[in-house]
Amino acid sequence: MSKKLLLKLIISLTLLLSGYVHSPYASAYNNPVIRSSMPDPAAIKAKDGCYYVYATDSKGLVPIYSSKDLVNWTFRGTVFSQENKPNKEKLWQVWAPDIIQYKGQYLFSYALSKGGEYNKNGICIATSDNPTGPFTDHGMLFTSDEIGVRNSIDPSFVAYKDKLYLLWGSFNGIYIIELKKNKSGNFQIASPDTKVKLAGNKFEGAHIFKHGKYYYLFASIGACCKGADSTYKVVVGRSKDIFGPYIDSEGIPMLNNGYDLVVDSSEKFIGPGHGSTIITDRNHRTWYLYHSWQNDAIDRGRQLMLDEILWDKDGWPYIKSFKPSETSPTPPRL
């Protein structure tokens, strides 16, 4: 046996005895993780152990992708077909979906809205036994006029103490309200009078994430949809009570438009925002799927981005350098 081969055997045996196991994960990944238009992403871990992401699209069909690692994604179809997509009124569009697994069922919510119109819009709900559908559309939960909140879009589900709540709003306040089932088994709002305002008129695309002793209200501010001129960014406030008050690191309430920055534009990525509920991996690292324009590929639209959420010594979340990453050396360990 050659000395070189003997050395290799000794090294291999040493690694084996020390408990070393070769990692199945890639050593790095590049953003965007989906290089096509995926605005307003919403993600969920399904019963099959895979992750699914849903997004706004120009056809109102809502694309679905699945992944085992949050990095490599496979197209799985759409929530709606051309024949059954919602069409309450001409020119109303499907926007900004969200999804939750609640008591054994997948609940899917979306905004139905006419672009540029602040009263002729509302939030709808659909259900399915599978993350890829088929989904049964149950229509409007409420319209802006009915709930008394202009521009009622951008829904996000919140499960809290065995109850289901809906978070929503776009530049006319962020609100939360309890949902309940009616006699037909469909969800409806508990009462219009139970809505609680959590944040002021600077925010949209909000979601809540519990970390440690705090509830964190993530939201987006600025202009989302102007390509290279977009000013979108993700911001946050926190509270020890899910119903607020949410404040920034200087104690300014989000009701008064206070916030801390999470991620802003870089030279390469413009207008990062409207993230999905944060995903925690097996190493307790937290991961954020969100959208962003790419400065040298504006024609692709707002692409899907993945970045780790870090937490400073005072418990405030941020993405490294407050900028989207181009390459990350260590992907999620799910």
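**Exercise 1. Burial and overall form**

Task: State what percentage of the 334 residues of the protein chain count as buried, and determine whether the radius of gyration agrees or disagrees with that of a compact globule.

Solution. 
Step 1. In this predicted model, 52% of the 334 residues of the protein chain count as buried.
Step 2. A compact globule with 334 residues would have a radius of gyration near 20 Å. The protein chain has 21 Å, which agrees with that expectation.
Step 3. Taken along the principal axes, the box filled by the C-alpha atoms is roughly 85 × 50 × 45 Å.
Step 4. The accessible surface of the protein chain is about 15,800 Å², and 50% of that surface belongs to carbon and sulfur atoms.

**Exercise 2. Secondary structure and contacts**

Task: Give the number of helices and strands in the protein chain, then describe its contacts between residues at least 6 apart in sequence.

Solution. 
Step 1. The protein chain contains two helices and 25 strands.
Step 2. Consider the contacts between residues at least 6 apart in sequence: 52% of them join residues at least 24 apart.

**Exercise 3. The enclosed space**

Task: State how many cavities of 30 Å³ or more are counted, and identify the element with the largest share of the lining of the largest cavity.

Solution. 
Step 1. Rolling a probe the size of a water molecule over the atoms shows where empty space is left.
Step 2. The count is one cavity of 30 Å³ or more. The space in the largest cavity is about 90 Å³.
Step 3. This cavity is lined by 13 residues, of which Asp98, Pro155, Ser156, His274 and Gly275 are the closest to its centre.
Step 4. E7 and E16 are the elements that give two or more residues to the lining. The largest share, three residues, comes from E16.
Step 5. The lining of the largest cavity has five nonpolar, seven polar and one charged residues.

**Exercise 4. Positive phi values**

Task: Classify Asn151 and His274 as buried or exposed, and give the phi value of Asn151 and of His274.

Solution. 
Step 1. Asn151 lies in the loop between helix H2 (144-147) and E11. Its phi is near 55 degrees, a positive value in a residue other than glycine.
Step 2. The relative accessible area of Asn151 is 7%. Buried means under 20%, so Asn151 is buried.
Step 3. His274 is in the loop between strand E20 (269-273) and strand E21 (279-280). Although His274 is not a glycine, its phi is positive, about 45 degrees.
Step 4. The relative accessibility of His274 is 7%, and therefore His274 counts as buried. His274 is also one of the residues closest to the centre of the largest cavity.

**Exercise 5. Exposed loop residues**

Task: Decide whether Lys226 and Asp193 are buried or exposed, and locate each in the chain.

Solution. 
Step 1. Lys226 is in the loop between strand E17 (214-221) and strand E18 (233-239).
Step 2. Exposed means over 50% relative accessible area. Lys226 has 56%, so Lys226 is exposed.
Step 3. Lys226 and Gly185 are 41 residues apart in sequence, and their C-alpha atoms are 41 Å apart in space.
Step 4. Asp193 is in the loop between strand E14 (187-189) and strand E15 (196-199). Its relative accessibility is 73%, so Asp193 counts as exposed.
Step 5. Asp193 and Gly139 are 54 residues apart along the chain, and 21 Å separates their C-alpha atoms.

**Exercise 6. Cis peptide bonds**

Task: Which kind of peptide bond joins Asn31 and Pro32, and which joins Gly244 and Pro245?

Solution. 
Step 1. The bond between Asn31 and Pro32 is cis, with omega about -5 degrees. Pro32 is in the loop between strand E1 (29-30) and strand E2 (34-37).
Step 2. The bond between Gly244 and Pro245 is cis, with omega about 5 degrees. Pro245 is in the loop between E18 and strand E19 (260-263).

Key
Residues numbered from 1 in each chain as written. Predicted model: local features only at pLDDT ≥ 70, side-chain atom pairs only at ≥ 80, totals over all residues. Heavy atoms only, no water. Helix = DSSP H or I, 4+ residues; strand = E, 2+ residues; numbered from the N terminus. Rg over C-alpha atoms; globule rule 2.2 N^0.38 Å. Buried < 20%, exposed > 50% of the residue type's maximum accessible area, 1.4 Å probe, protein only. Contact = heavy atoms within 4.5 Å. Areas by Shrake-Rupley, 256 points an atom, 1.4 Å probe, with all protein chains shown as cover. 1 Å grid on protein atoms, 1.4 Å probe; cavity = no way out; pocket = protein on both sides within 12 Å on 5 of 7 lines; lining within 4 Å. Points joined across faces, edges and corners; volume = space filled by probe spheres on them. Nonpolar A, V, L, I, M, F, W, Y, C, P; charged D, E, K, R; others polar.
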